[in-house]
Amino acid sequence: MTAIAPAAAPSSSSGLLLLLRLRTFVALILVLGFFSLMAPNFLTAANAVIVTKHVALNAFLAIGMTFVIITGGIDLSVGSIVGLCAMVAGWLVLYGVDSGMGWSIQFNTFEIGLIVVLVGIFVGTINGLLITRLNVAPFIATLGTLYVARGAALLSSGGRTFPNLNGNPDYGSETFAFIGTGTILGIPVLIWMLVVVGLLASYISRRTPLGRHIYAVGGNERGAALSGVKVNRVKMFVYMFSGFCASLVGLIIASQLQASHPATGETFELNAIAAAVLGGTSMSGGRGRIGGTIIGAFVIGILSDGLIMMGVSSFWQTVIKGVVIIAAVVIDQAQQKLQARVALQQEAAAGR
Amino acid sequence: MSVEPPIGLSIRGGVKVYPGTRALKGVDFDLRMGAVNVLVGENGAGKSTLMKVIAGVEDLTEGRIEMQGREVRFRDKADAVKHGIGIVFQELNLFPNLTVAENIFIGREPTRGGVDIDREAQRRETRALMQRLEQDIDPDTPLGLLRIGQQQIVEIAKAVAQDARILILDEPTSALSAHEVEVLFRVIAELKSQGVGIVYISHRLEELIRVGDYITVLRDGTITGARSMEGVDIPWIVRAMIGDSSKDFPRTEAPIFGAEVFRAEEITLPREGGGYTVDHVSLSVRAGEIVGLYGLMGAGRTEFLECIMAQHPHSTGRFFVEGKPLTERHVAGRIDRGIALIPEDRKRDGLVQIMAIRENLTLSALKRFTKAFHLDLKAEATTAMEFVKRLTIKVASPENPVSSLSGGNQQKVVIGKALMTGPKILLMDEPSRGIDIGAKAEVFRTMRRLASEGLGILFVTSDLDEVLALSDRILVMANGRVTGDFPAGADAAAVISATAPTASKGAAA
């Protein structure tokens, strides 16, 4: 993490508190250590890249989800946005846009990427408008768009897969596969993308008024509004950003598989929520860090991949994942209590 | 009265200490049965604490409660209910989605075999209760459909249904229309004749004189007057309430008022169900002037401030800042024009409790530290520290959550947040609410200093002392209208009588 830690509380009396604060990090080191010992070949550069590629998809979604949850909302539609965006990408690569007059418009890779991202942001905008203008509860609004987007994805192909998305050199779309499979300086493109999005989100959350406002809205919406925070604008942003993150995932998956299937991304939203919560994001809003979320995504990803390498049944993996999430939240509660007590003690000591 | 009614409950040497304040300082209180025991005092005088002690919500730190000569201890509210004590809070504790009968029997539903609710029995008993209170309310009506006054009767019925021999009514008339007040008084008379001892808390002095048999006046946690109501008049009550020597927050220098910084013209906010919450209010504030807006709860003062802060899109009227019309429709725009609000409810409206002290201080003024979209954290921290020092906020570290501070220091953070936006007019809603005496004095000194620096201050208070001592000009609001305009040093009784103009003019339903 790059951010400058705001002057830490002077010699916070308990090392326990520090340990709890860094618990996601500790969990990461523990799972890393565990699998390095238990699974041969786990701690190799090749495997690291593979794991990171797996994690990256969930991490994108979790970053967007973190912002949404910090404002006190939830975005259930991200998995469907992934599916819809994958289908849009597939359609554009295969058919372009039919003008209805016997000829069609074809796009190069960059333009396809741009359009797909706009589709994701568009669905996010719908979420935002439903929540801010029509006062629909975020859970319901995004549950609705979950179904609508998934249905639209299925309709686009009649439920079939768009195969062989190889692109066409004549249109400049032959590089489509590069997004998901290409490398720059030996590191996959999608990891570079994750680094950029992660840094951007972290910067927004810590060093811009917008980021501060996101936390304020989640902490006390009324209070924030009375302090001059444009609550609706903040909410619009987080849902649009979440849609943006989801569209990247759709694009990457279509490009990786060179095919797009309308069921892509089902239940992805749950993994994203899990990563955010594991990273210390509070479901009641106001608390959470991008860095924590990314670590959370890695813990979940390493857990799945490591267990596979150890040959543990995927049914057990599901159980273990659930236990880890619950444990994370229980520890989080303990930390909150301890932190409040330490702060009170400090104030009491300074007060008189 | 020839025969004194019996004493049903008494408190001897009652002391209640909260962290930082002594709410009750050795109180002796007698509650007479079959009579209306009126309790009066300013906000923070200790009335509510005293009532909470009687109702079992709070425990006395020292002293004892006696009933029929024996000492009793209430472990909790349910215990007090068993001793026949019922309380109707100002904020009603009812469920609008349930019927009248269900509300009355909530938590102790009559059942068949412990499972199946005996609706018929509920209805029957509710009907009997309503008859006893001479009310025509159908047990099956959803409570939400009743008028506030009727809801209050339901709350009273709930207490009576639990065999309350002592009934505490906390400001029961504050939300009632004149007609509903009459109904309530009939119910009170009815209960009185049945031997119920009633404690009646209100700020409306005429009402107290009319309904009360005994009066007890509290000031700063001590009883300053307790007697039978015979011969009591408003000046006596006022004297007992605020004492002969007014608390002093004196001006150190002669006020210098500048040009008008803020003017409101014909501000109107319609009330749901007809009438106005804010009824054509016009006023102005000059630079360096402290204007006190006094009145009872529900007079429309808070709503008026909220109109200024663009919280009520349905309000009409015009505002001017330094002579130029205020057309911005959003809070942020109004803050930019130099308006800052310090809300009444710090916890709900003023602060983001889980954020750091620094982050709360700068929340409204982030623009100051922002270039393009980049937030300069160093400049922010420096300025936050500056304000912490300037307002003498006692903090261990500005990075601690604001919830770790005491009420007074939290209030200073809210004031700091408002000042950081560089306001021209400061709106303060009950700035001394929920903070102890020492912190109050500091807040008042700060207000004085800010005014002398040329800020216009409009502050709302329900504390007569405060408004008399602090204001350069006193405006009184009642029923949404400005009903009085007094210069500094006005007569307390005149100010009080302006708060209840309905008593003389008759009802405005």
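Predicted model: local features only at pLDDT ≥ 70, side-chain atom pairs only at ≥ 80, totals over all residues.
Residues are numbered from 1 along each chain as its sequence is written, and chains are lettered from A in the order in which they are written. Local features need pLDDT of at least 70 and side-chain atom pairs pLDDT 80 or more, while totals for chains, interfaces and linings use all residues.

**View 1. A six-stranded open sheet in chain B.** The strand order is E18-E21-E22-E15-E23-E24, with mixed pairing. Helices (H or I, at least four residues) and strands (E, at least two) are DSSP runs, numbered from the N terminus. Two strands pair if DSSP finds at least two bridges between them. E18 (339-342) and E24 (481-487) of chain B each have a single partner strand, so one side of each lacks a neighbour in the sheet. Neighbouring strands are turned by 20 degrees against each other on average, direction ignored. Axes here are lines fitted to C-alpha atoms, for helices over the stretch in contact; angles run from 0 to 180 degrees between N-to-C directions.

**View 2. The parallel pair E15 and E23 of chain B.** Residues 290-295 and 473-478 pair over five bridges. Gly295(B) has Met477(B) as its bridge partner in E23(B). Helix H9 (residues 301-308) of chain B packs on the sheet and touches E15, E18, E21, E22 and E23 of chain B. Its direction makes about 145 degrees with that of E21(B). Contact means C-beta atoms, placed from the backbone, within 7 Å.

**View 3. Helix H14 of chain B.** H14(B) (residues 407-420) packs on the sheet, touching E18 and E21 of chain B at about 170 degrees to the direction of E18(B). Its 14 residues reach 20 Å from first C-alpha to last, close to the 20 Å expected at 1.5 Å a residue; the expected span is 1.5 Å times one less than the number of residues. Of the 14 residues, 13 are buried, so H14(B) is largely enclosed by the rest of the structure. A residue is buried with 20 or more other C-beta atoms within 10 Å of its own, exposed with 12 or fewer, and partly exposed in between; C-beta atoms are placed from the backbone. Gly422(B) follows the helix, with a positive phi near 65 degrees.

**View 4. Positive phi at Glu266(B) and Thr392(B).** Glu266(B) has phi near 55 degrees and is found in strand E13 (residues 260-270) of chain B. Thr392(B) has phi of about 45 degrees and lies in the loop between H13 (377-390) and H14 of chain B. Glu266(B) is exposed, with 11 other C-beta atoms within 10 Å. Thr392(B) is exposed, with 11 other C-beta atoms within 10 Å.

Key:
Contact = placed C-beta atoms within 7 Å.
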